[in-house]
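Subject: Structure handover

Hello,

Here is the structure you asked to look at. Please open it beside this email and follow along.

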Amino acid sequence: MRGLRSWVARRLLLGVAQTAAVVLLVFVLTEALPGDAAVALAGDQPDPERIAAIREAMDLDRPAHERLADWAAGLLHGDFGTSLASGRPVSTYIADGFGPTLLLAALTVALLVPVGVGLGVLAARHEGRLADRIVSSMTLGVYAVPEFAFGVLLITVFALRLGWLPPTAVGYGTDLLAHPAALVLPVLVLLSRPVCSLARLVRAGMIDALASPYVAQARRYGIPGARIRYAHALPNAITPAAQQLARTIDWLLCGVIVVEALYVIPGLGTVLMNAVAERDVPVVQGLAVVFAVTTVVLNLGADLVAHRFAPRAGVAA
Amino acid sequence: MPRSRLTLGAVIVGVPLVLALLGPLFVGEPGPRAASFTLGGGGHWLGTDFIGRDVWRQVLLGGRSVVLVALAATALAYVVALPLGLIAALTHRTWLEELLMRPLDVLLAVPSLLMILLVASVFSPGAAGLALLVALVNIPDAARIVRAAAAEAASRPAVEALRMQGESWWRMAVGYVGRSVGRTLAADAGVRLTGVLYLVSTAAFLGVGVAPDAADWAVMVDRNRTGLFVQPWAVVVPALLIVALTMGGNLLFDAVLEKRNRT
């Protein structure tokens, strides 16, 4: 038990270190520019007035470490600074975009686990036969396809040719739940890559688990097949998959940015892309911190869950 | 079964690859600009794009940047990751290993596309910058794989024997461990290349590292989206080519890997 507790403590410590490092990294990447940051940020219209305004707004006269300390202290209190472009607090940007993104992510994860695990178990049960071959080839093929290419083809087929679904979410505002048809394609595209990776891992784990001595023994006892599969083999098979879910979170965050751009959904990804286009550094920083900290926390959660299922497997840290 | 998948993958990936590499050799001089988003006719086989350029010409030109940037980024990632992982695995100084590998654990925590967008919000990277960025986000993972494979090879009795014979560190690291790592790397390279292709094309779709009117399949998909209902070819053809490139590549690499593991 002591080993477990010290492992959890070390993993939590790594999470804290990662969060701190990510905050530092975001700051360094966006502000510690070689040369004059204000000139770089003014971009296409480098007139002196605009440069002076940017320097003023971002306190660029002060040394970088003081600005970092102020910014980090503000983050701890939930103060993300103010936008360069509009002067509004960055937290209002985050609050505006939060709903649609959370809805997309929640729907995707809610569907991802049953579909991915289901496909994986199905393929493992019929290993080497037709169902397995179809599932395996499909998951292998779709796994690497970029969301934007897949999504644009889905729009062409389902919105343009068949006319079943709206092509984008334009005109629906942030209240997407009232228009479920507009959500079908985005969620489908977001699911495409994670489902494939999850199904492949579950399949591999299940094939190993079903060939193991304890499953053979359970069969000899006459325990029903479904119970062996879901109560005994699956928890062991799912451990590597739970760790892979952490990777999936990375993909999901990337996917959300692309899918929101593609289907014109006013979520955090759209806010981020607009801020990148306008070189609105405080907004980019705030959103980057939100995205990165979410990744760190979810990674931590996935590792803890994996550890809970199979304590003997040494997870990172 | 792997054989049929090998052929299938090779065929699917072959079409976009040949177009990407040989396409630029077969384009003629750019014709005069026509009206935007016209369907076929007027000598434009696939119609025209958002600023009235010939779509077929853009398709021929647009694959090279995607493929070359992806190849360069993959090679670059290994150039840095290989010595990093080898040194971390072979050194007997724990602090050096921690110093090399711990920062990478932290970098692994940042979503890769986010990192690229962060840099893009400040700089405007060109194609070379994009390759550098994509290589950078791939280094942590690649270095970990090299380190794991090298640590396994370094603990073999053969290395012990080399050390007792008084062979130089260089000979052990490069001559023996480096060579045994090669097999793992060959397996990893295919997976990494498809991942890099994904990142490069997605970044280009989001407008990072490319000019807004560049001849690039991902940029074509993005810019011609507004005319999807009038002129679908300008979007569907490049999108299909990107899908074929990534899908075929993955099928091919997987089949090659399976074949190697069997023999």
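Where in chain A does UniProt place the feature "transmembrane region"? The unreviewed entry puts it at residues 102-124, 145-164, 176-196, 251-277 and 283-302 of chain A. UniProt positions are given here in the numbering used in this email, feature names are shortened, and annotations may be inferred rather than shown by experiment.

First, some ground rules. This is a predicted model: local features need pLDDT of at least 70, side-chain atom pairs count only at pLDDT 80 or more, and totals for chains, interfaces and linings use all residues. Residues are numbered from 1 along each chain as its sequence is written, and chains are lettered from A and ligands numbered from 1 in the order in which they are written.

**Chain A**

Chain A has twelve helices and zero strands. Helices (H or I, at least four residues) and strands (E, at least two) are DSSP runs, numbered from the N terminus. Of the 317 residues in chain A, 42% are buried. Buried means that 20 or more other C-beta atoms lie within 10 Å of the residue's own; exposed means 12 or fewer, partly exposed means in between, and the C-beta atoms are placed from the backbone. Take the contacts in chain A with a separation of 6 or more: 72% of them join residues 24 or more positions apart. Two residues are in contact if their C-beta atoms, placed from the backbone, lie within 7 Å.

Residues 145-164 of chain A are 75% helix and 0% strand, with end C-alpha atoms 24 Å apart. Residues 251-277 of chain A are 85% helix and 0% strand, and their end C-alpha atoms lie 22 Å apart.

Now look at a helix pair. Helix H7 (residues 147-161) and helix H8 (residues 180-210) of chain A have axes that come within 10 Å and cross at roughly 145°. Axes are lines fitted to C-alpha atoms, for helices over the stretch in contact, and angles run from 0 to 180 degrees between N-to-C directions. The crossing of H7(A) and H8(A) is right-handed. A crossing is left-handed if the near helix is turned anticlockwise from the far one by less than a right angle, and right-handed if clockwise. H7(A) brings Glu147(A), Phe150(A), Gly151(A), Leu154(A), Ile155(A) and Phe158(A) to the contact, and H8(A) brings Leu185(A), Leu188(A), Val189(A) and Ser192(A). By class, that gives seven nonpolar, two polar and one charged residues. Ala, Val, Leu, Ile, Met, Phe, Trp, Tyr, Cys and Pro count as nonpolar, Asp, Glu, Lys and Arg as charged, and the others, Gly among them, as polar.

Just after H9(A), Gly222(A) takes a positive phi of about 80°.

Val264(A) sits in the loop between H10 and H11 of chain A. Its phi is near 50°, a positive value in a residue other than glycine. Most residues other than glycine have a negative phi. Is Val264(A) buried or partly exposed? Val264(A) counts as partly exposed because it has 15 C-beta neighbours inside 10 Å.

**Where the chains meet**

42 residues of chain A are in contact with 36 residues of chain B. Several helices of chain A each supply at least two residues of that side, including H1 (2-31), H10 (225-263) and H12 (281-309). By class, the side of chain A that touches chain B has 34 nonpolar, six polar and two charged residues.

**Chain B**

Chain B has nine helices and zero strands. Its C-alpha trace spans about 75 × 45 × 30 Å along its principal axes. Of its 263 residues, 48% count as buried.

Leu61(B) lies in helix H2 of chain B. Why does Leu61(B) count as buried? Leu61(B) is buried because 22 other C-beta atoms lie within 10 Å. Leaving out residues up to four places away in sequence, Leu61(B) touches Gly23(B), Pro24(B), Val27(B) and Ala215(B).

**Confidence**

pLDDT is the predictor's confidence in each residue, from 0 to 100. Chain A averages a pLDDT of 77, and 83% of the residues score at least 70. Over residues 313-317 of chain A, pLDDT stays under 50. Where pLDDT is low, the predicted coordinates should not be read in detail.

Best wishes
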